[in-house]
Structures are given as C-alpha cells and as structure tokens.
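Trainee: I would like to learn how to read a protein model one feature at a time. Could we go through one together?

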Amino acid sequence: MFDLLIIGGGPAAISCGLVLGSASEKPYMKGKKIGMIAYSKTSDLNGAVLNNLFGVASGTKGKDLLEKELEHVRSFSSIEQLPVAAVEAVLPKGGSFEVKTAEHTYQAQAVVLAMGHSTAISKIEGLGNYIGEHGNSLPGVKKTELKHSNLLVDKGLYVAGVLSGSASQAAIAAGEGANVAVQLLTLWNEGVFDHHHDK
Ligand SMILES: Cc1cc2nc3c(=O)[nH]c(=O)nc-3n(C[C@H](O)[C@H](O)[C@H](O)COP(=O)(O)OP(=O)(O)OC[C@H]3O[C@@H](n4cnc5c(N)ncnc54)[C@H](O)[C@@H]3O)c2cc1C
C-alpha cells in the first residue's frame, strides 16, 4: 500500500514529487511510501519553446526541460519510480484507491492526478463523477478539468496542473504541484502547517 501515488510526468507531477522528495528527512515522513507513474509522453511541454518560464533560459526546449526535471525527481530515492504506463482506472476501495495500468494494479491511500487536460482523461475509469469542462481553454478548444476545492477533488484525491482547470502556463502547473505537496506535508504533520526549505 502506497501512502501516495503521483500520476503524470509533466511540470505539475514532477514539481509535486520534487517538494515531497526534498522533504524526506522530516520525522513524519519516515516510512512514508510514495510512488510516481511518470508517464511523460503526452505532456504539453514536449512541444514548447520556453521564453517565459521563471528560472529557465530563453529558448529552452520544453522536451529538454522535461527530461532534465524527470532526472531530477528520479534522484530522490524516497520517490519510487513505477513502470511508465498510462493509468486506466482510479477506483475508490474501502477508504483508499486502486490505480490500474494495463499491466499493474497499485493500492494507495492518496492519489495526485496530474495528467493534463486532454479530453481522453474522461475515459479513465473512476473519474467520471469529477469531470467538468475546462474553464480556461482558448475559444473553440475543448479540454477537460476535474472539479475540486483548493485542488482537493475528494478525500485523498488531489488534482494539480492544467487538469485542475487552471490556465496553461508551465509555472502555474508546477506551482499547483508544489501546492498539493505542501497540503500533503501538512496532513502528514498531523494537520500542523509545514513546507520544506533547504538552506
Ligand atoms: C505547443 C505548446 C507550447 C507551450 N508553450 C508554453 C510556454 O511558452 N510557456 C509556458 O509556460 N507554457 C507553455 N505551454 C503550456 C505548458 O506546456 C503546460 O501548461 C504544462 O505542460 C502543463 O503541465 P501539467 O503537468 O499540468 O500537464 P502536462 O505537461 O500536459 O502533463 C501531463 C502528464 O500526464 C501524463 N498522462 C496523461 N494521461 C495519462 C494517463 N492516463 N496515465 C498516466 N499519465 C498520463 C502525460 O503523459 C503528461 O506527462 C505550451 C503548451 C503547448 C502545447
């Protein structure tokens, strides 16, 4: 049983993993089992050339940034990198979740859904009740969002990045991933607010 599964391989999922990975020495993180399905194939960032992203040199290809940051998150041994595959189901099961890919089934207490805003998300079994039409798409472009309150979709189920309905800018997606990570740190710290800084 995982304490948390992060699903996605774009800025939102990676950023969530980076904050949680960097916080692994906190006492309440001891024994926490975090897994990540970093399927990055369909990240929107693959097609981008970045001239407006904080901390990133102008002209950087999104694809190169993605590879670099995937390596970064993989460097945290406290985040278990699971076989890369598309998730087909996220099903509630007795207070936790069953997450299925074509070849594997995982159990998790909490799940971060950071799978982008493609309409294909509505085909993932178990998410039907939460699907809405994206509130921040360009005119004529149909995208999907998950309904949520402050990135919480349902108990134990979080959303981050463009799937939350936010505007499509990589900095916003990464910020939401970090926001969810801080919510989880606080939850695991018995509800007392916490974040993670290194000096
Ligand atoms: C052509 C283009 C140019 C852009 N240029 C800029 C720019 O200049 N500046 C800027 O700030 N932003 C830019 N963006 C927007 C930016 O790429 C997005 O805002 C950002 O990638 C959103 O991050 P995300 O993590 O929410 O989603 P994504 O990056 O789309 O990541 C979603 C992840 O989920 C994975 N996934 C999807 N389905 C499943 C599934 N079933 N199971 C498991 N994983 C799944 C995908 O493979 C992907 O890794 C651009 C986007 C495009 C398309």
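Trainee: Leaving aside its neighbours within four places in sequence, which residues is F76 in contact with?

Mentor: A word on the model before we start. Residues are numbered from 1 along each chain as its sequence is written. This is a predicted model, where local features need pLDDT of at least 70 and side-chain atom pairs count only at pLDDT 80 or more, while totals for chains, interfaces and linings use all residues. Two residues are in contact if their C-beta atoms, placed from the backbone, lie within 7 Å. Here, F76 contacts G17, G21, S22 and S24, once neighbours within four places in sequence are set aside. F76 and L20 are 56 residues apart along the chain, yet 9.1 Å separates their C-alpha atoms.

Trainee: Where is F76 found?

Mentor: Elements come from DSSP runs numbered from the N terminus: helices are H or I with at least four residues, and strands are E with at least two. F76 lies in the loop between helix 2 and strand 5 (79–81).

Trainee: Is F76 buried, exposed or partly exposed?

Mentor: We count the other C-beta atoms, placed from the backbone, within 10 Å of a residue's own: 20 or more is buried, 12 or fewer is exposed, and in between is partly exposed. F76 is partly exposed because 18 other C-beta atoms are within 10 Å. Now try L113, in strand 8 (residues 105–113). L113 has 30 C-beta neighbours inside 10 Å, so L113 counts as buried. Not counting residues up to four places away in sequence, L113 touches I7, L146, V153, L157, Y158, V159 and L163. L113 and L163 are 50 residues apart in sequence, and their C-alpha atoms are 7.8 Å apart in space.

Trainee: What about A120: buried or exposed?

Mentor: A120 has 12 C-beta neighbours inside 10 Å and therefore counts as exposed. A120 sits in the loop between strand 8 and strand 9 (131–133).

Trainee: How do helix 1 and helix 2 cross?

Mentor: Two packed helices are described by the angle between their axes and the distance between the axes. Axes are lines fitted to C-alpha atoms, for helices over the stretch in contact, and angles run from 0 to 180 degrees between N-to-C directions. The axes of helix 1 (residues 11–22) and helix 2 (residues 62–74) come within 9 Å and cross at roughly 30°. That makes the two helices roughly parallel. The cut-offs are under 35 degrees for roughly parallel, over 145 for roughly antiparallel, 65 to 115 for roughly perpendicular, and oblique for the rest. The contact uses I14, G17, L18 and G21 of helix 1, and E69, L70, H72 and V73 of helix 2. By class, these are four nonpolar, three polar and one charged residues. Ala, Val, Leu, Ile, Met, Phe, Trp, Tyr, Cys and Pro count as nonpolar, Asp, Glu, Lys and Arg as charged, and the others, Gly among them, as polar.

Trainee: At what angle do helix 1 and helix 3 pack?

Mentor: Helix 1 and helix 3 pack at about 40°, with their axes 7 Å apart. That makes helix 1 oblique to helix 3. The contact includes P11, A12 and A13 of helix 1 and A170, A173 and A174 of helix 3. Its classes are 15 nonpolar, two polar and one charged residues.

Trainee: How many residues surround the ligand?

Mentor: A residue is near a molecule if its C-beta atom, placed from the backbone, lies within 6 Å of it. Here 34 residues surround the ligand, and the closest are G9, G10, G116, G161 and A173. Helix 1 and helix 3 (170–188) are the elements that give two or more residues to this shell. By class, the shell has 19 nonpolar, 13 polar and two charged residues.

Trainee: What phi does N150 have?

Mentor: Most residues other than glycine have a negative phi. N150 has a positive phi of about 50° although it is not a glycine. L151, also not a glycine, has a positive phi of about 75°. N150 is in the loop between strand 10 (144–146) and strand 11 (152–154), and L151 is found in the loop between strand 10 and strand 11. N150 is exposed, with 9 other C-beta atoms within 10 Å, whereas L151 counts as buried, with 21 C-beta neighbours inside 10 Å.
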